[in-house]
Structure formats: C-alpha cells, structure tokens
Amino acid sequence: MSENIFLSESITDTDIETWYLQDVLISADTGYGKTHFIKTKLYEYAKKRKQKILLLLPRKSLKNQNIKQIKKEGKLDVISITGYHVIENIVKHGGSLKGYFEKFDFVVCDEFHYFISDASFNKDTVKSLQAIIQANTSKIWISATSEKVVKFFHQYTDVKFIEYKFPSKDKDIKLVTYKNESELDQIVDITITEGKKAILFTNDLHYGVKVYERYSRYATFNCSESNYYFYKFVDEHEINQIEESESFKKNILVTSTAFDCGLNICDKTVDRIILHNIHEIDTIIQCIGRKRFEIGDRLTIYIPELKNQAIGAYIAGTKKALARANFLKFHTETQLIRETEMNPRKYAKIERIVFDTIQNGTVKKTINEAAYFHFAELAAEYSQMIKLGCNGFRKFVMQKLGIKSYSCFNGTGHRDLACYLESLVIDGQVKKADKNKIMKSKADKDKFIDRIKMLHKDDYLRDLTVINQIFASLGLMYKVEAYATSIMVDGRKKSVKAWKVVRA
C-alpha cells in the first residue's frame, strides 16, 4: 500500500463529517500524502456535497506547483489556492476579511509550522494566523513538523484540535559530517564527477551564489524573490520547469531555505542533501522532506561539524534576541528605551521580536508572540545539544532523525577508496585472472577492512550489510558480495565464503 493511499484510507468520510466548524490537526512525516489527501479524498467528499476548499500555502513556488497540478487535474471547481502572505497583506493594509473564509467549507493551512518558523524574519505571520483562527469555518492544519507550532497553539490560543498523528516512516538515510566549506566544495565536486544529483540548502546566499557561479554548467540557483540582490541569479524558466516536472536536469540545485517547504522533488537520481549554515532541526527535517522517497531510494545527508563552542555562541545570540521582550514584560516602554541606551551590548542589533504598533491612534511597543516563541524554542533546542556533550549538534540531529551511525567526510580518502574499490571490481563470474582481486582468507579481508576504517570507524565491519551501507552513505557506487569457493589447507580443500567487489 502506498503512503498516499494509506493516509487517504486512514481518514474516512465518517471522520470528515465530525470536522464541521472544528480545528483538525494532521501531523505526519514528509511524503506521507497529506496534501494528496486534500486533493483526492477531501476533494471528492466536498464535490459530492457541493462544498468548497481553500488551500493556504507559505511559498510562491509551492503555490505555483499546486495550482498547476490542480488545474491539470480539473479540480479548480472545488479547490481554491492562495498564500498566507496574501492574507497578511490584506490585514496589514487595513483591508477586510469579513466573510472571506466563511465562503469555504474547509480552510486548509498546509505547512502551518510557517507561522512560527518564519516569524524570526516576517513579523506579519501572526496577522494571517489570527485571522484564520477567528474564521467561522472548518479548519485543517497540516505539517510534518507540527510539534513546536502545536505547543504555541496550546500556550497562546484557545484552539482545541481533533488530532490525527501518524508515525514516522523508515527511510534509508545516511549521515556524513564535513568540517568546512573546502570539504563542502569537494562534496559538490564528487557529486558532479559521479554524475549524481544533490540539493544544496544554505542560509548564506553569498556562498550559494559562489557555488552556483563556479559550477554554472552543472547547477541551478533558487531563492525567494524578496532576496532582491540574489534573485537576479535565478532562471525563472528553469524554476518553472522544476515546478512542473518535480525534478531538475542539472547536478546541483543550490537553494535558500525558502525551498524548505517549497517544491517537491520526485526524482530517484537525487541521492544526497547538502546542508550549509543550517542548524534548526525542523528546518533540517523540512529540507530532507523536499526529496520524495520511493521504494528503494537511498539518501545521504551532509551536515557541518558544529563545535559546542559555536552552539554556545548561538545560545548567546538567541538570548540577545529575547532580551528586549523579556525586559518589556516587567518594565515600561520608557524604561526599556533607557535600558537599551545604557546597555546596548545586552541586546540584538536588529530587533526581531518587539515592534512599534498603532493601537487606538497611539504608538505602542508590542511583543510579537510568534517570534518570541520561535527564539525561546531555539534557545532550548541549542541547550539540549550542549547537554548531549561533545559534538552535541550531530548527536541531536541523529537522535531526531533516528540515525544510528555516521561517517566523516574525507575528500582525499574518499577518492583513494573509490580508486581502490575500482581496482578490485569483478564483472560477472570470477575468473582465474581475478585471483588477486578476491578476498578468501581472513588476512585478505582484514586488509580490505583496514582501508575502509581510514574513512569510517565501525565495530561491525565484518558484516557485509554494514560495509555496503557505508559505501552507500559515502556515495560510492560499489558493494561487496559473498560467494562460496574453496581454499587448500594442509593439502585439503576447505569450503569458505569469499568476498568480491562489484558495482552497485
């Protein structure tokens, strides 16, 4: 049973009948068929009853992709699509939403973690959120990373959910850490040399453009239109093709995290996700989720090695971001102004939580609750990493993704191992000419294992499954197979299991 069918069959028409004027939470892993459920099961339910659905989305690219799909499927008779930013602009400019949401029987808030994740740089997310909460209609809230935003709802709103939570799926994901941008460049080099495909997510668009310009023949660049300087590097025609085909032709898609809940990529040849300057676990999960898994898919995730000292600096940064709001909670606005003038180093240079608002014709400093919550949760997340001890970031990522082992990238070692394995490859049946390539004795196998240990330390390297998983995690297109043969011991034949290297 496919993932999409599973979700659609798990929620029945009888369930949907109970949703009238309720808030419904659907929380499931990326690629679980959540949006598919809206476009099929809920669509069919609404069409039979002459009802209407409004689908709200956070990104222009995601909105465009969904409009094209729904138009192609002939479902615009029931489903309308718009973006959260459209709602925010109406509210911001004093427009009225009276009766707007009530024209629809279901308002679907897809990727609704947006209200918290984007609050760190978009102070208007609370405007669309408040407007939707107040709407007198059935609301469906959907996300793969709903834990934090649901916690926010519990703390700051009176919303009570009818909840549908689905367990995470097992995925064949390997984790590799890299030390610096030099090693990251080597990872990109290897991806292109091997003819593979990768999505490189970065929060540093200066670096993203540098990679794109260096590999322009092999790379596509994407970012939000709001990044005016960097958007000039975006080929809109190419991005439109990606939206339609759900795949990209070149080896590397370099993108900002505006893509983290954006386009879906359904392409088996995309076998690696590279993360640069990204440390929030929900963003990491969403980035990984852009690659839609099919049966037999494997994915290698590259993350930076992040020292606990650096995490400590991030904690200090989040505390500075929260400082003005924390002070304002217990003091007057005048006292806040004086305090920040006297002790400027205690506070962030760019204010992201406390804003001037006009209330009854008077300017008043107001705490943006969504932004405050975002930074408070981020500080708590960084603190959890520190508590895990040395290499807390990597341990935290492994814990959250359910990954049990990892490897460290070694560019030179990677190439050396690839050359070594290539020298051992046996095509087809073992021939006499291959006698120096096969590994029959314990000494032969020990020598082979020692070469692997230069890149990956593991206590179970005598297990071929483990060895082959390591090769996959390193992006090496080889595997080891065992076969029955014999050796001479004291003049007698002895049956043994020999190893041979083949191409995966």
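In this predicted model, the largest cavity is lined by His-113, Ile-116, Ser-117, Thr-145, Lys-148, Val-149, Glu-280, Asp-282, Thr-283, His-374, Glu-377 and Leu-378. Two or more of these lining residues come from each of the elements α6, α8, α13 and α16, whose residue ranges are tabulated below.

| Element | Residue range |
|---|---|
| α6 | 114-117 |
| α8 | 147-156 |
| α13 | 281-289 |
| α16 | 369-387 |

Helix α16 supplies the largest share of the lining, namely 3 residues. The space within the largest cavity amounts to about 130 Å³, and the structure holds 2 cavities of 30 Å³ or more.

The overall build of the chain may be described next. The protein chain contains 20 helices and 17 strands, and its C-alpha atoms fill a box of roughly 100 × 65 × 40 Å along the principal axes. The chain has 504 residues, 53% of which count as buried.

The chain carries 80 positive and 64 negative charges; the mean position of the positive charges lies 4 Å from that of the negative charges.

Terms used. Residues are numbered from 1 along each chain as its sequence is written. This is a predicted model: local features need pLDDT of at least 70, side-chain atom pairs count only at pLDDT 80 or more; totals for chains, interfaces and linings use all residues. Side-chain values use heavy atoms; hydrogens and water are left out. Helices (H or I, at least four residues) and strands (E, at least two) are DSSP runs, numbered from the N terminus. Buried means under 20% relative accessible area, exposed over 50%, partly exposed in between (1.4 Å probe, protein chains only). Lys and Arg count as positive and Asp and Glu as negative; His and the chain ends are not counted. The place of a charge is taken as NZ of Lys, CZ of Arg, CG of Asp or CD of Glu. On a 1 Å grid over the protein atoms alone, a cavity is a set of points where a 1.4 Å probe fits but cannot get out, and a pocket is an open set with protein on both sides within 12 Å along at least five of seven lines; lining residues have an atom within 4 Å of a point. Grid points are joined across faces, edges and corners, and a volume is the space filled by probe spheres set on the points.
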